Amino acid sequence: MATPNGNGSHTARKVALVTGITGQDGSYLTEFLLGKGYQVHGLIRRSSNYNTQRINHIYVDPHNANKALMKLHYADLSDASSLRRWLDVIKPDEVYNLAAQSHVAVSFEIPDYTADVVATGSLRLLEAVRSHMADNARTIKYYQAGSSEMFGSTPPPQSETTPFHPRSPYAASKVAAHWYTVNYREAYGLYACNGILFNHESPRRGENFVTRKITRALGRIKVGLQTKLFLGNIQASRDWGFAGDYVEAMWLMLQQEKPDDYVVATEESHTVEEFLNVSFGYLGLNWKDHVEIDKRYFRPTEVDNLKGDASKAKEVLKWKPKVGFEQLVKMMVDEDLEMAKREKVLVDAGYIDAKQQP
Amino acid sequence: MASQDNVSRSEAPNGSDSHIAPTTKVAFVTGITGQDGSYLTEFLLQKGYEVHGLIRRSSNYNTQRINHIYVDPHNANKARMKLHYADLSDASSLRRWLDVIKPHEVYNLAAQSHVAVSFEIPDYTADVVATGALRLLEAVRSHMADTGRTIKYYQAGSSEMFGSTPPPQSETTPFHPRSPYAASKCAAHWYTVNYREAYNLYACNGILFNHESPRRGENFVTRKITRALGRIKVGLQTKLFLGNIQASRDWGFAGDYVEAMWLMLQQEKPDDYVVATEESHTVEEFLEVSFGYLGLNWKDHVEIDKRYFRPTEVDNLKGDASKAKEGLKWKPKVGFVQLVKMMVDEDLETAKREKVLVDAGYIDAQQQP
């Protein structure tokens, strides 16, 4: 344990290191692990802007160190020495590699960067873990965030043995990271798992992922702050679950006798159009009055249909999703409607210019 | 050679280009989401430029400082500021956007900009600040060679390059960097000079001394102080932990300094310029003025914490800006006391708004001692 605790008594508190702690999954995982009594350390990128919005409610100033069970450190997956540095200082029991350039469409625009962080970055982290363990004679369990995007154009349902066919630089990078992880497990006996998670959403989802893009726009449309929503291919079909359920599966993978790879999914698939139907319908609106199709949002290569087969996770990890599709949509719409109402207050008071969007 | 073809200038089709004069100058700004990037963008838009910014991708919102300028791309006929994803660590992203945007001027403001943090992530800092500058210079050079166009280039230098060399510091003062950040800035400085000399690129180094504002990042000492002061005044915190308060800096207002950047690119010949107020103050003086302005005594609230001391310190920076004054006809408008008050005023307002949220139960005030 790197940090002394106040009362000096022996503690078996486990220590987790999370990359991508500022993201959706990172914030839910941190809450989950703190709930289990862990001390959680997160690696964040440095910016002159505030980037810890999702974990601010958990953050405690380091000068109140005896209360702070979550601590943040500057690093970058492109910087191998920063990864090794923090492993040596923090000495974690578990490492969750959630960090990524996580947007599929953006990966077509910045493919090199995406590959460097998502693919090579995971290799840097694996190597840092391996060498830290060798030098310190410690054991670390390692979780790699895989993605259903790796299956790409291979038809559903997709399980752990389904062949990959990535359709974007993001997906190809995730495939590389998957195989680095498998190789480190096989070559060095490292307890390393790939969590092949299908799409998972929440009110904390990034605003340019289609589900959140829809619910955010819907809330604003409902209160009169905008009228239109521009989308791409609304026939794309995805297996959407709730991120808060999925982080439990990540943890469960690291509590087994042996490391393995697992698909995590609801096993139900819906199109973007169905998401529109349910979300707009919930607020008594007709999506066809507001949605315009804009070719700029189509991908050069598309993934038509993802639907997971999560039987292994259900049998072995005893995991199952709690929040279904409709409940997820309503959860997101509810929170984004509240947010839009708050924005409306600021617009009416003259603080925000509502004309920024059509 | 200005591009005559408005439509090919950017990927996003915009409704009608007819209102954009063919002589509209196009600027390309890295680090547009930062303090300087936001003031420079406002300045250039006022001068009638079209401004394109490169931003890093994050699942978090990172455009807070330019949100008031941002117009949705679907209202493209109104939007004269456009944002694009890229990274200084990614050479191809830089060349891609130069080819699409075809700017007349490039301002390289992007960096891992915190000196203390650079001791923790030196490799990353060097990759972005030093090698990143080189990637951008090379992208500009090769774009110009391939298209026959001309681009003027501004490199954000830093007084930190002078480091331990005693003041006053001018363009000819020897460098002695005292951090990975400063050493990286020295490298970027010399890459820029080399590209100017080897290829006749119109490239300038702006050696700006510290410049602050209400938009300054919250862990730079000036903003750290005024932010804490506002919260202390409304009762949201009691203590402020600082490091070496004897460090002395030449502090100006960022809004004044971006004009100097632009002026450097409007001259007949490219050159390097120091930009500074030519007055130096210690952190302790900043505390006196800021706390005194709100009727408080900083000694009741400030504790010195060794964790904020740097492994190697820069004791004293004070610029000699005579070349900028004579050559660019630039001078700072906002002085030290006015700057401090400007920052305290805004951070007091921010703290009052926070207090409203705390009192209504939305924020936990106990996060800080």
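User: Which residues does A:Ile110 touch, not counting residues up to four places away in sequence?

Analyst: A:Ile110 touches A:Gln101, B:Arg57, B:Tyr85, B:Ala86, B:Asp90 and B:Ser93. A contact means heavy atoms within 4.5 Å. This is a predicted model: local features need pLDDT of at least 70, side-chain atom pairs count only at pLDDT 80 or more, and totals for chains, interfaces and linings use all residues. Residues are numbered from 1 along each chain as its sequence is written, chains are lettered from A and ligands numbered from 1 in the order written, and side-chain values use heavy atoms, without hydrogens and water.

User: Why is A:Ile110 called buried?

Analyst: Its relative accessibility is 1%. Buried means under 20% relative accessible area, exposed means over 50%, and partly exposed is in between (1.4 Å probe, protein chains only). So A:Ile110 counts as buried.

User: Where is A:Ile110 found?

Analyst: A:Ile110 sits in the loop between α3 (104-109) and α4 (111-136) of chain A. Helices (H or I, at least four residues) and strands (E, at least two) are DSSP runs, numbered from the N terminus. The C-alpha atoms of A:Ile110 and A:Pro169 are separated by 8.7 Å, and the two residues are 59 residues apart along the chain.

User: What makes B:Glu105 and B:Lys25 a salt bridge?

Analyst: Their closest N and O atoms are 3.3 Å apart. A salt bridge is a side-chain nitrogen of Lys or Arg within 4 Å of a carboxyl oxygen of Asp or Glu. So the pair of B:Glu105 and B:Lys25 qualifies. B:Glu105 lies in strand β4 (residues 105-108) of chain B and B:Lys25 in the segment before β1 (26-30), so the pair ties together parts 80 residues apart in sequence.

User: What makes B:Arg216 and B:Glu212 buried?

Analyst: B:Arg216 has a relative accessible area of 14%. B:Glu212 has a relative accessibility of 1%. These residues also form a salt bridge, with the closest N and O atoms 2.8 Å apart. In chain A, salt bridges that share partners join A:Glu207, A:Arg216, A:Arg220 and A:Glu343 into one network. Over all chains, the structure holds 44 salt bridges.

User: Why is α7(B) called largely enclosed by the rest of the structure?

Analyst: Nine of the 11 residues of α7(B) are buried, so the helix is largely enclosed by the rest of the structure. Among the buried ones are B:Tyr257, B:Trp262 and B:Leu263.

User: Why is chain B called as compact as a globular protein of that length?

Analyst: Start with the make-up: chain B has 10 helices and 13 strands. Its radius of gyration is 21 Å, close to the 21 Å that the globule rule gives for 369 residues, so chain B is as compact as a globular protein of that length. The radius is taken over C-alpha atoms, and the rule is 2.2 Å times the number of residues to the power 0.38. Buried residues make up 57% of the 369 residues.

User: Why is B:Glu278 called partly exposed?

Analyst: Its relative accessibility is 26%, so B:Glu278 counts as partly exposed.
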